[in-house]
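Subject: Structure handover and findings

Dear colleague,

Please find below the structure that I am handing over to you.

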Amino acid sequence: MFKDLDPILHSQLRLAIISLLIGVKEADFNFIKEKTKSTAGNLSVQIQKLKDAGYIEVTKQFKDNYPLTTCSITKQGVHAFEIYVKALQGYLHTDKN
Amino acid sequence: MEKELTPTESLAIIENMINKAKSNYSDDSTLYLLWGWVIFICSIGHFILLQTNIIKYPEYIWVLTWGAVIYQIYYILKKEKKKKVKSYTDEIVGYVWMGFGFTMFFISIIIGNQNNWITLYPIILFMYGTPTFISGVAIRFLPLKIGGIVCWGLAFIAKFTADIYVLLLLALAVLAAWIVPGYLLKAKYKNNSYEE
């Protein structure tokens, strides 16, 4: 239906992740899980998809013997987000006319 | 299969998430209170020691600030470990205070041993105001902005204040700039007005 919209971003959870990361320098997995109210399994899958698309950078390390995943948006991710928002605006303007 | 989003739903998600990220400032009230009380005690203590003449080097009371530096390093390292998110605002505010810390350190090394601290207090008061005001603007917290402005005002008054009474102005400055805003900030986090 909305064929101009980037399919990677046009998904509820992936869009939420990118929108969250656009406003911060970096965020860890639990923070994103808490704010997006998602399950760990689903979040992992969507983070991997965003990473594969080159939209986010994922760093895995250990903190006090616990695995810690930190995510940050890439330049490519910011660019894709801007294009997505512009496309959305286009649809909304068409609706109004 | 996930249902397709409408453009309105997409915008709502974007707005909601951006707002969640925007209100995320780390709680620095402990550091405002730590430094506020340390400087308050040092300046009042220095004033009393000068008035009473009971010890030869009353300025040694400022050694207490080294204790505050050590505690601050420990506190920041501990907090960094727990931190789940790094916002651009926190980063900028952190660098502003780091710059302030270096400047104060530089001043204490270069000019401190010339034994003319009292003449420097108007400059120090003015310097207290700048990072406080910038932090207030960055985290949108009025008491810090007011505190910064109070420091600038007191810096001008200090220029015309006789010698040791400047120490009382210093105590007043940290009360207005760090102690009062520190408690208000703590209360604000406690009431969950800011998300951690």
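The notes below begin with conventions and then go through the findings.

This is a predicted model, in which local features need pLDDT of at least 70 and side-chain atom pairs count only at pLDDT 80 or more, while totals for chains, interfaces and linings use all residues. Residues are numbered from 1 along each chain as its sequence is written, chains are lettered from A and ligands numbered from 1 in the order in which they are written, and side-chain values use heavy atoms, with hydrogens and water left out.

Chain A

Chain A contains four helices and three strands; helices (H or I, at least four residues) and strands (E, at least two) are DSSP runs, numbered from the N terminus. Their order from the N terminus is α-β-α-α-β-β-α. The C-alpha trace of chain A spans about 55 × 25 × 20 Å along its principal axes. Of the 97 residues in chain A, 48% are buried; buried means under 20% relative accessible area, exposed over 50%, and partly exposed in between, with a 1.4 Å probe and protein chains only. Among the contacts in chain A with a separation of 6 or more, 53% are between residues 24 or more positions apart, a contact being heavy atoms within 4.5 Å.

The accessible surface of chain A is about 5500 Å², and carbon and sulfur atoms hold 52% of that area. Accessible areas come from the Shrake-Rupley method with a 1.4 Å probe, and for residues only the protein chains shown count as cover. Chain A carries 13 positive and 10 negative charges, whose mean positions are 2 Å apart. Lys and Arg count as positive and Asp and Glu as negative, without His and the chain ends; the place of a charge is NZ of Lys, CZ of Arg, CG of Asp or CD of Glu.

Salt bridges

The whole structure has five salt bridges over all chains, a salt bridge being a side-chain nitrogen of Lys or Arg within 4 Å of a carboxyl oxygen of Asp or Glu. One of them joins B:K86 and A:E26, at 3.7 Å from N to O. This pair crosses between chains, with B:K86 in strand β1 (residues 85-87) of chain B and A:E26 in strand β1 (residues 24-28) of chain A. Both residues are partly exposed, B:K86 with a relative accessible area of 32% and A:E26 with 27%.

Within chain B, the side chains of B:D28 and B:K79 form a salt bridge at 2.9 Å, N to O. B:D28 is in the loop between α1 (7-22) and α2 (29-52) and B:K79 is in helix α3 of chain B, so the pair ties together parts that are 51 residues apart in sequence. B:K79 is partly exposed, at 21% relative accessibility.

B:K83 and B:E80 also form a salt bridge, with their closest N and O atoms 3.7 Å apart. The relative accessible area is 23% for B:K83 and 34% for B:E80.

A buried charge in chain B

B:D90 lies in helix α4 of chain B. B:D90 is buried yet has no salt bridge, and the nearest side chain of opposite charge, B:K83, is 4.0 Å away. Apart from neighbours within four places in sequence, B:D90 is in contact with B:N24, B:Y25, B:S26 and B:K83.

Nonpolar surface of chain B

B:Y57, B:Y60, B:V63, B:W66, B:F105, B:F106, B:I109 and B:I110 make a nonpolar surface patch of about 870 Å². Patches are made of residues with over 30% relative accessible area and no salt bridge, like charges being joined within 9 Å and nonpolar side chains (Val, Leu, Ile, Met, Phe, Trp, Tyr) within 5 Å. Helix α4 (residues 88-110) of chain B gives the largest share of the patch, four residues. B:F106, in helix α4, is exposed, with a relative accessible area of 51%.

B:I70, in helix α3 (residues 64-82) of chain B, is exposed at 62% relative accessibility.

Positive phi angles

A:K37 is not a glycine, yet has a positive phi of about 50°. A:K37 sits in the loop between α2 (29-36) and α3 (40-52) of chain A and is exposed, at 68% relative accessible area. B:N53, also not a glycine, has a positive phi of about 60°. The loop between α2 and α3 of chain B holds B:N53, which is exposed at 62% relative accessible area.

Yours sincerely
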